[in-house]
Structure formats: C-alpha cells, structure tokens
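Please read the points with the structure open beside them.

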Amino acid sequence: ATITAATTTAATTTMASMYSKAKNQGDKASSLTSEAHLTAHYLGGRQFGSIVTAGTFFASLFSGYTIVGVPNDSFRNGFFSMWWIPNTMGVVAGVWGTGLRMRKCSIERNHTSPVDFITDRFQSQLLRYTIVILQVVPSLFYLAAQVIAIQATFNSIFDISPNSAAPV
C-alpha cells in the first residue's frame, strides 16, 4: 500500500509538472521578474485547473500519516477510528466555505500565500511574522512525525530493531 501510494504521488507530481511546463513554455518565461518566476513555479502561473488544484491539495493533505497512521489507528481503535470520515468532510467544507473566496481575492490582489492575504487585510507586519511562525512551527512538528513514521515503516520492512544504532 505504501509503495502504491508513493508511486501514485510521484506519477501525479510528474504529470502536474509536465502539464505546467507545457502551459508555460515560450518567450514569456524568459522575460519574467524574479517574483514572477516564483509565482509561476509555486502557483503554476495560476493556470492550473480545478482538477489539478484539488489533486495537489489532497496530495498535501493526505500524506504519509494517512498511509501509516490511519491504518494503525484503525487497527488499535476499531470502529472508533471512523472519526476520520467526518474530519475529512470538515476539511472539504472549510475549503468550499473559505477557499473559493480566498482564491478570488488572491487573483484580484495578487496574493501568493495566506500570509500575503493576512498582511494585505490587516496591514500589520507583526501579524505577518506571527502567522509565518504559526505556519512554520507546526510544519516542523509534522515533518518530524513524517520522519518517525518512515523510520518505523523502514525498520518494520527490513526487520531492524527500533533500538539499534541504524542511521534510519
């Protein structure tokens, strides 16, 4: 299951990058400013359709924890793990409730991130850096959880003791 998910993610990422490259080829890419290059790279030149955007959103949301953590949670808690289903529906409702409006605003005001939206709305640099910290710190914890999950998976596959001095 993990190999299938990794293969699917790699294939999706490759297809999205090939699609983006095909859409953005031409002389206009060579005349872009540095900021425009970043926007073109991270936002796909704002040319992705709804299917590609939804795919990248769900690829980000349902990462390694879904592959390793949710089945483990289901194994340990049985039926009580069904809370994942309404949780996912809540995320989708949140995107429909706020995401569409933020997308429209980001096009009109040229925002490239949620931090740009907050800074533009409240005109506060202190709030801007607070939001950056509130985004980065949980991401570091999440990254650490991903590394621990992949270590546990690797050790389980190759029958390595978790207490060994292996570099993984």
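In what order do the elements of the protein run from the N terminus on? They run α-α-α-α-α-α-α.

1. Basis of the note. This is a predicted model, in which local features need pLDDT of at least 70 and side-chain atom pairs count only at pLDDT 80 or more, while totals for chains, interfaces and linings use all residues. Residues are numbered from 1 along each chain as its sequence is written, and side-chain values use heavy atoms, with hydrogens and water left out.

2. Overall make-up. The secondary structure comes to 7 helices and 0 strands. Helices (H or I, at least four residues) and strands (E, at least two) are DSSP runs, numbered from the N terminus. Of the 168 residues, 13% count as buried. Buried means under 20% relative accessible area, exposed over 50%, and partly exposed in between (1.4 Å probe, protein chains only).

3. The largest pocket. Its volume is about 1,200 Å³. Of the 28 residues that line this pocket, Thr53, Phe57, Val95, Gly99 and Arg103 are the closest to its centre. A pocket here is an open set of points on a 1 Å grid over the protein atoms alone, where a 1.4 Å probe fits, with protein on both sides within 12 Å along at least five of seven lines; lining residues have an atom within 4 Å of a point. Grid points are joined across faces, edges and corners, and the volume is the space filled by probe spheres set on the points.

4. What lines the pocket. Helices α3 (50-61), α5 (84-109) and α6 (114-122) each supply at least two lining residues. The most come from α5, with 9 residues. By class, the lining has 14 nonpolar, 12 polar and 2 charged residues. Ala, Val, Leu, Ile, Met, Phe, Trp, Tyr, Cys and Pro count as nonpolar, Asp, Glu, Lys and Arg as charged, and the others, Gly among them, as polar.

5. Nonpolar surface patch. Phe57, Phe58, Leu61, Phe62 and Val95 form a nonpolar patch on the surface, with about 350 Å² of accessible area together. Helix α3 gives the most to the patch, with 3 residues. Patches take residues with over 30% relative accessible area and no salt bridge, and nonpolar side chains (Val, Leu, Ile, Met, Phe, Trp, Tyr) are joined within 5 Å. Areas come from the Shrake-Rupley method with a 1.4 Å probe. Phenylalanine 57 is in helix α3 and counts as partly exposed at 33% relative accessibility.

6. Salt bridge. How many salt bridges does a search of the whole structure find? The search finds 1. Aspartate 120 forms a salt bridge with arginine 109, the closest N and O atoms being 2.8 Å apart. Aspartate 120 lies in helix α6 and arginine 109 in helix α5, so the pair ties together parts that are 11 residues apart in sequence. A salt bridge is a side-chain nitrogen of Lys or Arg within 4 Å of a carboxyl oxygen of Asp or Glu. Aspartate 120 is partly exposed, at 24% relative accessible area.

7. Backbone points to check. Asparagine 110, in the loop between α5 and α6, has a positive phi of about 60 degrees although it is not a glycine. Asparagine 110 is partly exposed, at 48%. Glutamine 123, in the loop between α6 and α7 (125-157), has a positive phi of about 50 degrees and is not a glycine either. Glutamine 123 is exposed, at 61%.

8. Serine 106. This residue of helix α5 is buried, with a relative accessible area of 11%. The C-alpha atoms of serine 106 and phenylalanine 117 are separated by 7.3 Å, the two residues being 11 apart along the chain.

Definitions and conventions:
Patch = residues over 30% accessible without salt bridge, like charges linked within 9 Å, V, L, I, M, F, W, Y side chains within 5 Å.
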